[in-house]
Amino acid sequence: MLRTHNCGILRKEDIGKEVLLTGWVNRRRDHGGVIFIDLRDRWGLTQLVIDSNQQEVYQCANNVKSEFVLQAKGLVRARPEGLANPKIPTGEIEVAVSELTILSESKPLPFEIEEKNETDESLRLRYRYLDLRRTRMQKNLILRHQICQVVRRYLSERQFIEVETPFLTKSTPEGARDFLVPSRLNEGNFYALPQSPQLFKQILMIAGYDRYFQIAKCFRDEDLRADRQPEFSQVDIEMSFVEREDILELIETMMKKLFYEVLEINLETPFPRMSYDEAMNRYGCDKPDLRISCAIDDLSQLLQDAIEVGSKNDSWKGLFFQEWKSFSRKKADLLSQMAKNAGVSLSYIKQGKQEATSPLKNKISEVAWRKLLEKYSFQEDSLLLVAWGESQKVLPFLGNLRVNLGEELNLIQNQFKFCWVLDFPLFEWNVEENRWDSMHHPFTAPCLDQLNHLDIDPSQVKAQAYDIVLNGFEIGGGSIRIHRSDLQEKIFQLLNLSEAEIQQKFGYFIEALQYGCPPHGGIALGLDRIVMLMCGESSIRETMAFPKTQKGTCLMSGAPSPVSDDQLMVLGIQLRKKKESQIVKDR
């Protein structure tokens with residue numbers, strides 16, 4: 001090895017040892033006759049001291065600049081009294097250098113590695129190899145590694161086996177666009193990169209492996225956001241002969257172990273549970289952030305027949321804040337305009353020092369007014385936002401407003417709040433295409449006591465599905481699967497797939513179900529989102545070594561990029577320009 005120790009390991013106990021260190025120059029300081037160099041690797045920093053008495057070493061140190069790679073030999077000694085640095089683990093020692101070698105030089109940096117002000121993200125991604133040297137990024141990737149190790153140990157101890165499933169597979173779109181890969185040997189045919197290993201893990205259950213997991217790489221050609229990437233990782237799990245409770249208990253125990261071993265946080269289990277309907281009615285979304293204590297209340301019974309505005313069919317909802325001192329007329333007008341843009345009407349009731357005031361007061365019955373004030377126990381500076389209109393517009397508007405105001409008013413508690421969302425509808429109606437879509441995916445089992453509704457009213461059928469939510473992010477979803485071929489074919493038919501389409505896309509899977517398929521279920525956890533939340537980051541790009549931008553490009557390597565005509569010819573592909581109408585549609 002070119003070193004005897006790393007840059008984060010030396011302590012007082014090592015004083016007197018001769019050591020050989022390697023690393024990058026984090027900082028160089030010339031104090032006139034003495035040069036100090038902070039040498040850095042991923043374990044930490046060690047201060048090197050070079051005295052001018054050693055002319056050859058001193059001259060070498062004079063030529064050193066930031067991010068040069070050095071090898072330094074020297075003696076560990078205590079820092080002079082009063083000059084210890086308690087902020088770093090190696091702060092009580094320094095190394096008096098006797099030999100110094102420049103292993104590699106560095107060009108001037110496009111940005112400082114450890115600067116206080118955040119560098120523009122596009123610049124960081126362009127020079128990702130420099131960005132990854134930063135302490136923040138190294139901590140995030142090390143934590144990601146630790147999470148993967150805990151997950152692997154936990155599942156292996158419970159007799160799961162890790163099985164790798166193919167990257168080159170059949171195109172069976174599950175809601176997002178597939179990434180297609182042309183086949184040279186089968187001209188005109190394409191593989192697809194997997195959106196998930198869904199069918200393969202179910203086939204592993206048919207094959208009798210009983211307990212499977214994989215930290216799987218998945219691909220979806222969709223528009224990107226802070227918590228999405230075209231390629232992402234998920235902890236993929238499937239089990240045979242289980243019910244919903246078995247999977248929920250497995251994941252809760254895994255999360256409890258994960259947070260304790262990695263962050264030393266003791267989670268309370270079991271996690272709260274709510275139905276999909278409750279989540280939508282109380283939080284305006286199916287991924288509620290429970291760190292915010294306020295929730296949406298239904299005021300329809302109280303107000304529908306007691307107020308002069310709106311219509312009899314309007315849904316009335318309320319969002320109450322125990323204290324909002326800074327609320328002003330200007331803020332009220334801004335919120336009202338936001339509501340109007342969302343197709344919703346909005347007003348408020350504000351408690352002053354003497355009485356509550358509201359633009360609604362003269363338009364509401366005295367009885368209803370008193371009931372409202374009693375319902376919320378108004379105190380000075382309490383505020384109730386009242387929204388009305390179509391329920392499908394009011395609920396998501398108030399749901400988004402709840403989160404935005406939670407951030408603005410510092411109502412979000414600094415903790416990890418999990419919950420399960422259960423009892424999702426099996427289908428949702430696709431208005432544009434006039435057909436049913438699966439709420440999750442078409443392999444999700446319906447609740448068995450509701451099978452008769454499949455022929456009568458599919459909208460009434462609930463799924464044996466479950467999502468796990470953390471701090472307002474869906475970090476995983478799963479279900480008990482369909483294990484009968486006749487029921488699976490029926491679901492495909494309800495999704496408006498013809499017999500020919502079923503056979504072309506899923507024929508091999510339908511056939512596999514006919515060879516003794518056990519009842520089974522599973523879940524997929526979004527590894528990138530879990531790491532993001534555990535790191536306290538706001539974007540999964542900060543937890544991935546080489547992420548793409550929101551346009552799906554790699555600024556460092558230049559991917560995606562054109563290929564030569566020869567490569568296209570070998571694949572039997574000819575490029576053509578998009579029609580103007582298609583460009584507009586894509587936008």
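Mentor: Rings of Phe, Tyr and Trp (its six-membered ring) pair if their centres lie within 6.5 Å; planes under 30 degrees apart are stacked, over 60 edge-to-face, and the rest tilted. Four rings make one aromatic cluster here: Phe 259, Phe 271, Phe 416 and Phe 418. This is a predicted model, where local features need pLDDT of at least 70 and side-chain atom pairs 80 or more, while totals for chains, interfaces and linings use all residues. Numbering starts from 1 along each chain as its sequence is written, and side-chain values use heavy atoms, leaving out hydrogens and water.

Searching the whole structure turns up 20 aromatic pairs. Take Phe 427 and Trp 436: their ring centres are 6.0 Å apart with planes at 45°, so this pair is tilted. Phe 427 and Trp 436 are both buried (under 20% relative accessible area; over 50% is exposed, in between partly exposed; 1.4 Å probe, protein chains only).

Now for the sheet. It's an open one, with 8 strands in the order E6-E9-E10-E22-E21-E20-E17-E11 and mixed pairing. (Strands, at least two residues of E, and helices, at least four of H or I, are DSSP runs numbered from the N terminus; two strands pair if DSSP finds at least two bridges between them.) E6 (161–162) and E11 (273–275) are the edge strands, each with a single partner, so one side of each has no neighbour in the sheet. For E6, 2 bridges join it to E9 (residues 211–219), and the two run parallel. Look for Ile 161, which stands opposite Tyr 212 in E9.

Next comes helix H4, residues 135–157. Among its buried residues are Met 137, Leu 143, Ile 147, Val 150, Val 151 and Leu 155, and you'll also find Gln 138, Asn 140 and Arg 144 in that set. After H4 comes Gln 159, whose phi is positive, near 70°.

Skipping residues up to four places away in sequence, Lys 317 touches Asp 297 and Asp 298, along with Ile 296 and Leu 299 (contact means heavy atoms within 4.5 Å). Its other contacts include Leu 385, Val 386, Ala 387, Val 394, Leu 395 and Leu 398.

Key:
Expected span 1.5 Å × (residues − 1).
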